[in-house]
Structures are given as C-alpha cells and as structure tokens.
Amino acid sequence: MVIHMPVYQYKGLRVDGQGTTGIIDADSLKGARQKLRTGGIYPIDVVEEQQGEVGRGLPVSAKAGSAVLSSQDLTILTRQLATLLAAGLPLVEALGVLIEQSEKKSIQSLLAEVREQIREGKALSRALEAFPCDFTTIYLHMVRAGEASGTLEPILLRLAEFLDNQLKLKHQVTNAIMYPLLMLVVGVGILFFLMIFVVPKITAVFADLHQALPWPTLLLIAISNFLARYWILLLGGAVLLVGAFRRAIATPTGRARADRLLLKAPLLGTVARMVSISRLASTLATMLGSGVQLLEALDVAKRVMNNSVLEQAVTEARENIREGESIAVPLKRSGMFPPLVTHMIGVGEKSGELEEMLRRISQIYDSEVDRVITRL
C-alpha cells in the first residue's frame, strides 16, 4: 500500500494584503502552516483533503469517468508546463507553480495527485495514466516519447500547438454548423406555429364565404388540420425516431452504416472527410515528429478521425505497412482518400520528409474546410 503525503486546502493573505487560496502538501497541519509562512503567505484557514492510497485519492471526476480538464484547460496547462520546464524548473516544482496559479480546485487536486506520484518515483506519463478521461492516448504516447528521448519540453510545446490547432478546427466547424442549425429549428418552429394556430383561423374565414377554393389552398388547409390534430403523435414519433437512431449508431454495424452515409452526403460528406483527413495528418505529423514509431502512431492517430469507415481503412493500411508496403499504396487502394493525399504522402516517403508533407496536407485541408464552410 502506497501512502501519500497529506494535501491541504488553504486560505491566506500575502505580504501585500491580498487574499489567496490553493492547496499545499505537507507531513502535518503544522508543517503546512509553516510551509505557507515560509512562502510569504499568512494562513487563515487550512483544511486537510481526504486522500488515501493511489486511486482513492483521485478527484471524483477521475473515478466517476468524467473529465476535469476541458480542451482549453489542457492546452493551456501543457503550454505552461513546457515553458516552466524550458526555464529550468524541475518537474515537481513546475507542477507546484501550476497548482498555485490554477483557480479551479478540481484542477489543483488533479495536479497535486500527479505531483505526488512523481515524487514517489513515477514518470510523468505513468502519473497521467491515472486520468484517462483528461489525458488521451495520443497525449500519453507523446509524453512517453519525450521522456524516452530526453526532449520532454519541446514535445510538450509541440503537443500544446497540436491541441490548440485541433481546438480551433473544432470551434470552426461547430460555429459554422450552429448557425444554420439554429435557423432550421427556428424556421420549423415558426412554420408549425403558423400551421397549427394561424392557418385554422384563416380557414374559418374561407368557410364562411362558401366559395370554391383553389387546390393549393385546399392542400394547405388539409396539412394544417392534420398537424393541429396529430402534432403530439408527430412529436412523439420524432422522439422515438431519434432514440432509435442513437441506439442504432451505438452498435458497430449501425455506426459504420451511418458514417458511410455521411461520407456520401452532398457537401456535408465532403466537409466530414476533409476534417477527418486533416486530423489524421496533423496527429501523425505531430507524433512522428515527437519520435513515436509509425505503426504505433497510425494505431493511435486513426482514433481522432471520428469516422469508423475511414478508421477501418487506416487499420487495413497499417496491417499492409507492417508487411512491408509503403503508406501511400494501401491508402490509395482503399479508395477512401483523395489522390492529393496519397500522392503527397508518397512524395514524402520517397524524399524522407513525410512529417513535413503531413503538415502540409493538414494545412491544405484546414483551408479547404474553412472555404467550404464559408460557402455553406
């Protein structure tokens, strides 16, 4: 059983009179107060956090299967940690600085647990493995590669840049989708309101005239009457349809069919394919540049594509590469990747600049996504 040094939450005053809060580890409550005074903080309230052995002292979110760090939090922390390490601070002290400046207690607790495990002799990558919801497989592989090669600081900077680019791409796509989706919801809502509440009143006026109506008007009245009578059934049917669709795509077969249909959809399929290829190229370039082996990088990078059909194509290509083929040939044979992608990858392999070519592919498709989304 591994016993951790107690961790204390504190409130105090700095020498300039400003209030401060945070967490600190010490062997006792008295030691925590003494440590704060030594650091120039007058303690007002110091309370011990309940932490036991590894696993029991983890933040609740880590045990419950939810993430403590948002994508933006992770990007900022990674860049700050890389900067502190590049400035010459030891890893434990750098984590202490991040703990002190963080304003979220959940993040402070997570970093404190990571720091404690490192003090016990674990590597950073092993300490981060305790938080799978916060640190992805890609993140862990790159940190592990940085530790093995002794280049953790530059790899963390590269990782922060990669996370930042992925976050920008995600926001770009989300923002582009939200506006037409909002307009669609509002438009459908207004249409239903008119058909259910407004058209019936106009219909009553037509009925009093006792005159023959043109067929478009009769059709409109029939649709309005149908919606007014059965709107609850239609709403219930829509809810059931959405539920059935979600259950269907929860299975591997259903997910594959949905992803295949998405790729064939006009315009949306083009955007989805370009986003997936951009993510794959960017991730591969970052991992290869960090020293991760090609087969291992492919196995990890395919998971960021978020499309099971394209993931399967990469999986099959990986097996062929394991048997001695180049990267470009099996990807081209799959028929899932545009000629530009396979051609540039082939050129990169022959010239020994595969990482650079992958970065260019990512940049090209990021620009294409921006152009297509703007048109959309």
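# Contacts, surface patch, cavities and salt bridges

Visitor: Which residues does Lys35 touch, not counting residues up to four places away in sequence?

Guide: This is a predicted model, in which local features need pLDDT of at least 70 and side-chain atom pairs count only at pLDDT 80 or more, whereas totals for chains, interfaces and linings use all residues. Residues are numbered from 1 along each chain as its sequence is written, and side-chain values rest on heavy atoms, with hydrogens and water left out. If contact is taken as heavy atoms within 4.5 Å, and residues up to four places away in sequence are set aside, Lys35 touches Ile24, Asp25 and Arg119.

Visitor: What is the relative accessible area of Lys35?

Guide: Lys35 lies in helix 1, residues 29-38, where a helix is a DSSP run of H or I with at least four residues, numbered from the N terminus. Buried means under 20% relative accessible area, exposed means over 50%, and partly exposed lies in between, with a 1.4 Å probe and protein chains only. Lys35 therefore counts as partly exposed, its relative accessible area being 38%.

Visitor: Which helix gives the largest share of the nonpolar patch?

Guide: Patch residues have over 30% relative accessible area and no salt bridge, and nonpolar side chains are joined within 5 Å. The nonpolar patch, which includes Ile177, Met178, Phe192, Phe226 and Tyr230, has about 1100 Å² of accessible area together, computed by the Shrake-Rupley method with a 1.4 Å probe. The elements giving two or more residues to the patch are helix 9 (215-249) and helix 8 (152-209). The largest share, 8 residues, comes from helix 8.

Visitor: What is the relative accessibility of Tyr230?

Guide: Tyr230 is placed in helix 9 and is one of the residues of the nonpolar patch. Tyr230 counts as partly exposed because its relative accessibility is 37%.

Visitor: How much space lies in the largest cavity?

Guide: A cavity is a set of points, on a 1 Å grid over the protein atoms alone, where a 1.4 Å probe fits but cannot get out, and its volume is the space filled by probe spheres set on the points. A search of the whole structure finds 2 cavities of 30 Å³ or more. The space in the largest cavity is about 120 Å³.

Visitor: How many residues apart are Glu355 and Arg158?

Guide: A salt bridge places a side-chain nitrogen of Lys or Arg within 4 Å of a carboxyl oxygen of Asp or Glu, and the structure holds 14 of them. In one of these, the side chains of Glu355 and Arg158 meet at 3.8 Å, N to O. The pair links distant parts of the chain, with Arg158 in helix 8 and Glu355 in helix 16 (residues 354-375), and the separation in residues is 197.

Visitor: Is Asp259, which forms a salt bridge with Arg255, buried or exposed?

Guide: The closest N and O atoms of Asp259 and Arg255 are 2.9 Å apart, and the two residues are separated by about one helical turn because they are 4 residues apart in helix 10 (residues 252-264). Arg255 is partly exposed at 28% relative accessibility. Asp259, at 7% relative accessibility, counts as buried.

Notes. Patches are made of residues with over 30% relative accessible area and no salt bridge: like charges are joined within 9 Å, nonpolar side chains (Val, Leu, Ile, Met, Phe, Trp, Tyr) within 5 Å. On a 1 Å grid over the protein atoms alone, a cavity is a set of points where a 1.4 Å probe fits but cannot get out, and a pocket is an open set with protein on both sides within 12 Å along at least five of seven lines; lining residues have an atom within 4 Å of a point.
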